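Hello,

Here is the structure I promised to pass on to you. Please open it first, and then read my notes below with the model at your side.

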Amino acid sequence: MNDETFLRLKQFFPQVNFEKEEENYFRSLWKPKTFNQYDLITEAGAIERYFYFVLEGVQAIYILNEKGEKVVLGFSYSGSPSGVFDSFISKQQSHTFLEALKPSKLLGISLTDYQGLFQKFPDFNIWGRLFFQEILFGRLHREVELLTLSAEQRYVTFMQRCPDELKVIPQKYLASYLNMKPETFSRLRSSISY
Amino acid sequence: MAALVLTSENQIQRLNHILNTVKKHQTLDVTTLKTPPNPKAWNIVEIIAHLNVAYGKYVEKINDTLAKSADIDKEPDGFKARRWQKFVIEGQQPKNGVRKMKMKTLKRFEPLLDKNELTGEKIDEVFDAFFELHNHLKQSILKSRNKDVSKIKVTSAIGPVVKFYLPEAFEFLLCHLERHMVQIDEILA
């Protein structure tokens, strides 16, 4: 990984300060992973091997419903974490798929190395507390939106906070994430400004 | 009649489930693995060996079809199974953990194992072959996601009376696997 990429990775852990040698060690733990568009990064029924940091591309995490349709639970994109976290930590088979919706470059760290960070560097515990707090708040927020807002409100709220790179993925993924039919999403997209 | 829409993600998920289940079966003791439920029936190792024989007949056909199919640069989509193929597929598929109709295995699909010579080593060979073959199936399903699967047909191992497009062939093979997973569950019950 080049210096610029490493700088981006380090910025994801702003609470962590390294000595030079520690920094080299930390850098050595992350392996670059490249995926083509529509590659399955993690399959349902397999165990997630990595915690990822996204350098490029958009990925969707989804589960198949009884009809075999994809139900999108979330997205990851440049600068965000990615992976099937529950499977990664529990070492149990994943219930969800992680798919590259655009050609993707990720950095991945294994479970042993990930857990080692918390033991070797106390700063990671501060990062972890804040990171999981943010994730929890995000999920709670989304749950409230899904349960209380109309389709139109869900669309507007999402589009206002949605990064641009996410707006160019196939609409059916965004529609599924917002719990609406692709036709509804399409109608809202053409009739509502946000 | 409801359409049968096949997706590679659904097939991968089910295949992973089967692979995980067979991995667990491999850890059963040798006596359990080689004891049939009745003298005329297959034991678990014979069932696995039968699945190897059955899939073995598709390896080259699938390789050829994938090699001949054009690459496509679009999102993998559902594939609607055709009426006759759907009927054949559903004939294999167990419903609610029950095998629908009993079938007599054609001679060419019978496992060629000597029941009296099933050592731990021999059993491991059968299981190892299963994983090798069915990882090929998985890789083939994954490869097919970037291929135009709607042009070239595979003649099934049953004969030219059934021809499949690749997603139909994968589905048939998966339903066949699921059918025999139920048979193993019945032995272990």
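Which residues line the second largest cavity? They are B:Leu51, B:Ala54, B:Tyr55, B:His134, B:Leu173, B:His176 and B:Leu177.

Before going further, a word on conventions. This is a predicted model, in which local features need pLDDT of at least 70 and side-chain atom pairs count only at pLDDT 80 or more, while totals for chains, interfaces and linings use all residues. Residues are numbered from 1 along each chain as its sequence is written, chains are lettered from A and ligands numbered from 1 in the order in which they are written, and side-chain values use heavy atoms, with hydrogens and water left out.

**Cavities**

Rolling a probe the size of a water molecule over the atoms shows where empty space is left. On a 1 Å grid over the protein atoms alone, a cavity is a set of points where a 1.4 Å probe fits but cannot get out, a pocket is an open set with protein on both sides within 12 Å along at least five of seven lines, and lining residues have an atom within 4 Å of a point. Points are joined across faces, edges and corners, and a volume is the space filled by probe spheres set on them.

The count is 2 cavities of 30 Å³ or more. Helices α3 (44-68) and α6 (166-188) of chain B each supply at least two of its lining residues; helices (H or I, at least four residues) and strands (E, at least two) are DSSP runs, numbered from the N terminus. This lining has 5 nonpolar, 2 polar and no charged residues. Here Ala, Val, Leu, Ile, Met, Phe, Trp, Tyr, Cys and Pro count as nonpolar, Asp, Glu, Lys and Arg as charged, and the others, Gly among them, as polar.

The largest cavity, of about 50 Å³, is lined by A:Arg142, A:Glu145, A:Leu146, A:Arg154, A:Arg161, A:Tyr177 and A:Leu178. Its lining divides into 3 nonpolar, no polar and 4 charged residues, and α5(A) gives the largest share, 3 residues.

**A pocket in chain A**

Helix α5(A) also gives the largest share, 10 residues, to the lining of the second largest pocket. About 1,200 Å³ of space lies in that pocket. Of the 38 residues that line the pocket, the closest to its centre are A:Gly74, A:Phe75, A:Pro81, A:Ile135 and A:Arg139. By class, the lining has 21 nonpolar, 12 polar and 5 charged residues.

**Where the chains meet**

How many residues does each chain bring to the contact? Chain B gives 15 and chain A gives 18, with contact meaning heavy atoms within 4.5 Å. The area buried between them is about 1,300 Å², of which carbon and sulfur atoms give 44%. Among the residues of chain B, B:Glu9, B:Gln13 and B:Glu75 lose the most area to chain A, together 41% of what that side buries. Buried area is the accessible area (1.4 Å probe) that two parts lose on being put together, summed over both.

There are 5 salt bridges across this interface, a salt bridge being a side-chain nitrogen of Lys or Arg within 4 Å of a carboxyl oxygen of Asp or Glu. A:Glu43 and B:Lys138 form a salt bridge, at 2.9 Å from N to O. On the side of chain B that touches chain A, the largest share, 6 residues, comes from α1(B).

**Salt bridges overall**

Over all chains, the count comes to 20 salt bridges. A:Asp3 pairs with A:Arg27, their closest N and O atoms being 2.8 Å apart. Since A:Asp3 lies in helix α1 (residues 3-11) of chain A and A:Arg27 in helix α2 (residues 20-28) of chain A, the pair ties together parts that are 24 residues apart in sequence.

Enjoy looking around!
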